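Me: Hi! Could you walk me through this structure in plain words?
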Amino acid sequence: MLRNLPKTYTVLVIEDERPLVQVIQAKLEKSGFEVVTARTVDQGLHYMEDVGSIDVVWLDHYLLGEKTGLDFVAKLKGPDSKWKDIPIFVVSNTASSTNMQSYLRLGVNVYSVKAEHRLDEITADIRKFLDKPKEDKK
Amino acid sequence: MKLNKKTKKQFVITAQKLAVIAREKESIRRKLAITAKEKEATRLKLVVTARELKRLHNTLEKKVLQRTKDLEQIRSKSEAILASIGDGLVVVDKEGKISYINKSFEEMLGWKSAEIIGKSMVQVVPREDVNGVGVSFKERILTQVLAGQKFVADLTNPFYYIRKDKSRFPASSIVAPVILNKKIVGAVEVFRDITKEKEIDKAKTEFVSLASHQLRTPLSTVNWYSEMLLTGDVGEVTPDQKKYLQEIYNGNRRMVDLVNTLLDVSRIELGTFVVESKPTDMVKLAQNVIAEQKQQIEEKNLNFSVSFENNIPSVKIDPKLFRMVIQNLLSNSIKYTPIGGAVSISLSLDNEKNLILKVTDNGYGIPKNQQSRIFTKLFRADNVIGKDTEGTGLGLYIAKSIVEQAGGKLWFESVENKGTIFYATLPLRRSKKQQIVL
C-alpha cells in the first residue's frame with residue numbers, strides 16, 4: 001500500500017487563533033499528517049474520545065474559554081488516563097518559565113515558542129519523535 | 001644802740017626768711033589749687049566715662065538680647081523646616097546613634113523621637129533587600145557612609161524599611177556623611193516611601209510584557225504564512241515574488257527579536273528572569289557565537305582574531321544568558337567597526353581566579369561625554385545612531401544585568417574613533433553575596 005511509506009499519523013491541534021489553526025493544518029497536511037483541530041480544552045478532550053486514534057497533540061497555552069493548555073495536559077497525563085502515552089508538543093508564545101516548567105513537569109514532551117520556530121521545524125520534530133522506536137521516547 | 005643795730009639786722013633777716021616762706025607757701029597754695037582743679041577735671045571726665053560705659057552696657061545688653069532672639073528664631077525656623085520636610089530625615093552621630101529625626105520619620109516608621117534618640121539607627125530600623133533578606137550591620141550603607149562614602153538607593157535599587165509594628169514599605173534614600181573640620185562627625189539620611197512609584201513601575205513593566213506577548217501572536221501568523229509561501233507549500237512563486245516575500249519574512253524576524261528583547265527587559269525588571277545555572281564551557285560557548293557571526297565578520301572584511309587561554313575551567317552560569325552576553329558584545333564590536341577594521345575576542349584568567357572575557361575593536365568608539373550612559377536602557381550614542389539603524393539600546397543593559405546577576409562585572413574603555421574594549425569578569429567561585437545590599 002502507498003500508505004506504508006511515511007506512516008500517517010493523526011495530530012490533534014488545539015489552538016484558538018483561527019489564522020494560525022489554518023496554517024498549521026495546511027502545513028501538517030502537506031507533510032502527510034491527518035489533522036483534527038480544536039479551539040478549547042473541552043473540545044480537544046471530546047476529540048480524544050471520539051476520534052480515538054490521535055497519535056500526537058499540538059497544544060497552545062491560552063485557548064478559548066477559561067481553561068488553558070495546562071488543564072488539558074493534567075487530564076491527559078493524569079493517573080487514570082488512557083492517553084498517558086500520547087506525546088504532547090506545546091507550541092505557545094507564552095514562554096514564561098514557570099509555565100514552561102509546569103508543562104514539562106506534567107509530562108509534556110517538547111515546549112516550543114511559536115514566534116521563534118519555523119513551521120517546518122516543528123513539523124519535522126514531531127515526525128522525528130513519532131518515527132523513533134518506542135523505547136527511545138521518554 | 002649796738003644791740004639795737006644787731007637786733008635790727010636779725011629782724012631784716014627774719015623778715016626776709018618770712019618773705020621766702022610766704023612765697024613758698026603761696027606757690028604751694030597755687031600748686032594745690034591747680035591740683036584741685038585737675039582733680040575736679042578728672043572727676044568730671046570719670047563721670048562722663050561712667051555714663052558712657054553705662055550707655056554702652058545697656059546697648060550691648062539690648063543687642064545680645066536681640067541676637068539671642070534672632071538666633072532662637074533662626075534655630076526654630078531651621079528646626080521647623082527640618083521637622084516639616086516631607087521626606088523622612090534622620091541624623092546620626094559617628095557611632096550611628098540617632099541624634100535627630102523629623103516628623104515624617106516618625107510618621108513613616110511609627111517611632112516617636114523620644115523613644116529612639118540616642119539609640120542605634122541600624123538596630124531600631126531594620127532594613128531588608130528586595131528579596132526580604134535582612135541587611136546586616138556591616139553591609140548597611142549607614143555603616144559604610146560613616147566610613148566616608150555617599151550612597152543613593154533609588155527605584156532601580158530599592159530596599160524595605162521595617163516599621164515599629166514590623167510592617168514594611170519600599171523606600172529610596174540618600175545617605176551622606178556629615179563633615180565638620182574635615183572629620184566625619186555623623187551621617188544624615190533622607191528617605192521616602194516609594195510604594196506608588198514601585199506600583200507604577202511594575203504596571204509599566206507588566207504592560208510591556210503583556211503587549212509583547214500579544215504582539216507575538218500576529219507575528220507568528222506573518223511568520224508562518226510567509227514561510228509557507230516561501231517554501232512553495234501553497235504553490236510556486238516567481239523569483240521576484242520570492243524576493244519580496246523574503247523581505248517580509250526577514251522584517252518579521254527582526255520584529256520577533258525586538259519583542260523578545262523587550263520581554264527580556266521586562267523580565268529583568270519584574271525580577272522574573274529565571275536563571276538556570278550549570279557548569280558551562282565558556283570557550284565552547286564563545287566559539288558557537290563566533291561561528292554564528294562569521295558571515296558578518298566576513299562581509300565587513302574584518303581582521304578578526306581569537307585568543308582563548310588554555311585550561312579555562314567550566315563556570316557555573318546560565319549558558320543561554322551568557323550566550324546573549326557574548327553575542328551582544330561581539331555583534332556590537334562588529335556593527336560599530338568600519339569595513340576592514342579589527343575585532344578580537346579573548347578569554348583568560350586573572351590572578352584572583354576570575355574569568356575575563358575581552359572584546360576589542362578599533363571602531364567608532366563611544367564619545368567621552370556619553371560613556372556614563374551607555375548601560376542605560378534604550379540609550380544609544382550619537383555617533384552610531386546614524387550609522388546603524390538596527391540597535392535598540394537594550395543589549396548592553398541586558399548584558400550588564402546578566403553579568404552582575406552572576407556576581408561579575410561588565411565595563412569598558414573607549415576612545416572615539418580609536419575603538420572600544422569591553423570586559424566582562426566572572427568569579428569562578430562565587431561568594432555568597434557579591435552585591436552591595438542597601
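Me: Is the crossing of H7(B) and H11(B) left-handed or right-handed?
Reply: The crossing of H7(B) and H11(B) is left-handed; that word applies if the near helix is turned anticlockwise from the far one by less than a right angle, and right-handed applies if clockwise. Helices (H or I, at least four residues) and strands (E, at least two) are DSSP runs, numbered from the N terminus. This is a predicted model, where local features need pLDDT of at least 70, side-chain atom pairs count only at pLDDT 80 or more, and totals for chains, interfaces and linings use all residues. Residues are numbered from 1 along each chain as its sequence is written, while chains are lettered from A and ligands numbered from 1 in the order in which they are written.

Me: OK, and which residues make that contact?
Reply: On H7(B) they are Asp264(B), Val265(B) and Ile268(B), and on H11(B) they are Tyr397(B), Ile398(B) and Ser401(B). Two residues are in contact if their C-beta atoms, placed from the backbone, lie within 7 Å.

Me: Switching to chain A: how many helices and strands does it have?
Reply: Chain A has 5 helices and 5 strands. Starting at the N terminus, their order is β-α-β-α-β-α-β-α-β-α.

Me: How much of chain A is buried?
Reply: 33% of its 138 residues count as buried. Buried means that 20 or more other C-beta atoms lie within 10 Å of the residue's own (exposed is 12 or fewer, partly exposed is in between), with C-beta atoms placed from the backbone.

Me: Which residues touch the most others in the largest nonpolar core?
Reply: Out of 37 residues there, those are Leu12(A), Ile14(A), Val57(A), Trp58(A) and Phe89(A). A nonpolar core is a set of buried Ala, Val, Leu, Ile, Met, Phe, Trp, Tyr and Cys residues joined through C-beta atoms within 7 Å.

Me: What is Leu12(A) in contact with?
Reply: Leaving aside neighbours within four places in sequence, Leu12(A) is in contact with Val36(A), Ala38(A), Gly44(A), Tyr47(A), Met48(A), Ile54(A) and Val57(A).

Me: Where else is there a core?
Reply: A second, separate core has 35 residues, including Ala286(B) and Ile317(B).

Me: Last topic: how many residues of each chain are in contact with the other chain?
Reply: 15 residues of chain B are in contact with 16 residues of chain A. Helix H6 (residues 195-230) of chain B gives the largest share of chain B's side, 11 residues.
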